[in-house]
Amino acid sequence: MTETTPGIDFALGLGGSISGTALTLGEEPVAGATICVVRVADSSWFPIEPGCGNDDVIWDRTGCVTTDESGHYLVTGLTSGEYYVYAWVDGFLPQWYDGAQGPETATPVVVVEPEETPGIDFTLSKGGSISGQVVGESDMLPLPGVLLA
C-alpha cells in the first residue's frame with residue numbers, strides 16, 4: 001500500500017550563470033577546454049593547480065563545463081555570490097580569471113541570481129615542453145621508470 005503526503009511543495013530557482021570564451025593568443029577558439037567555477041567561500045584550500053594530472057585529488061568544484069567548437073562556455077545554476085573561474089586544456093597553461101596563474105591572484109567573479117555574468121574570457125597560452133633521457137652516470141644507459149618532479 002502506497003501512501004501520499006500532500007502539501008510538500010517547493011520552487012526551484014534558475015540560479016545565475018557565468019559565460020565567456022576561451023581563445024588562443026592568436027584569437028583562435030579553444031574547443032574542449034574545461035572551465036570550472038569554485039565558490040570563493042569554499043576555496044580557502046587549493047590542493048593542486050588544475051590540469052596537473054593528479055586524478056587522486058578531488059576539487060570542491062561548484063560546476064565545470066567544456067567549451068564548444070567556438071570556444072564558448074556557459075556555467076548555469078549558480079547561487080548569488082563570488083566565484084573563482086579557471087580554464088585548462090592539454091597543451092595550454094592553466095589560467096584563472098582575470099589572467100592569473102594561480103588562485104591567490106585570481107579575480108573573483110560576482111554572480112547575482114538569476115542574471116548571467118558574461119564576458120569572463122580566457123586567452124590561453126601554449127605551454128612549453130621538456131624532453132630528454134635519464135641515463136646512468138657510469139654506463140650512460142637509459143634508466144627505465146625514473147620519475148621526474
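The structure is a predicted model, in which local features need pLDDT of at least 70 and side-chain atom pairs count only at pLDDT 80 or more, while totals for chains, interfaces and linings use all residues. Residues are numbered from 1 along each chain as its sequence is written, and side-chain values use heavy atoms, with hydrogens and water left out.

I begin with confidence. The protein chain has a mean pLDDT of 85, and 86% of its residues reach 70 or more; pLDDT is the predictor's confidence in each residue, from 0 to 100. Over residues 45–60, however, the pLDDT is below 50. Where pLDDT is low, the predicted coordinates should not be read in detail.

Where does serine 19 lie? It belongs to strand E1, residues 16–24; strands (E, at least two residues) are DSSP runs, numbered from the N terminus. Serine 19 counts as buried because its relative accessibility is 9%, where buried means under 20% relative accessible area with a 1.4 Å probe, protein chains only. In E1, eight of the nine residues are buried.

Let us turn to the partners of E1. Two strands pair if DSSP finds at least two bridges between them. With strand E4, residues 72–78, E1 pairs in the antiparallel sense over five bridges, and leucine 74 is the bridge partner of serine 19 there. E1 runs parallel to strand E8, residues 116–117, and two bridges join them; threonine 117 in E8 stands opposite isoleucine 18. Strand E9, residues 122–124, pairs with E1 in the parallel sense over three bridges, and its leucine 124 is the bridge partner of threonine 24.

Key:
Helices (H or I, at least four residues) and strands (E, at least two) are DSSP runs, numbered from the N terminus. Buried means under 20% relative accessible area, exposed over 50%, partly exposed in between (1.4 Å probe, protein chains only). Contact means heavy atoms within 4.5 Å.
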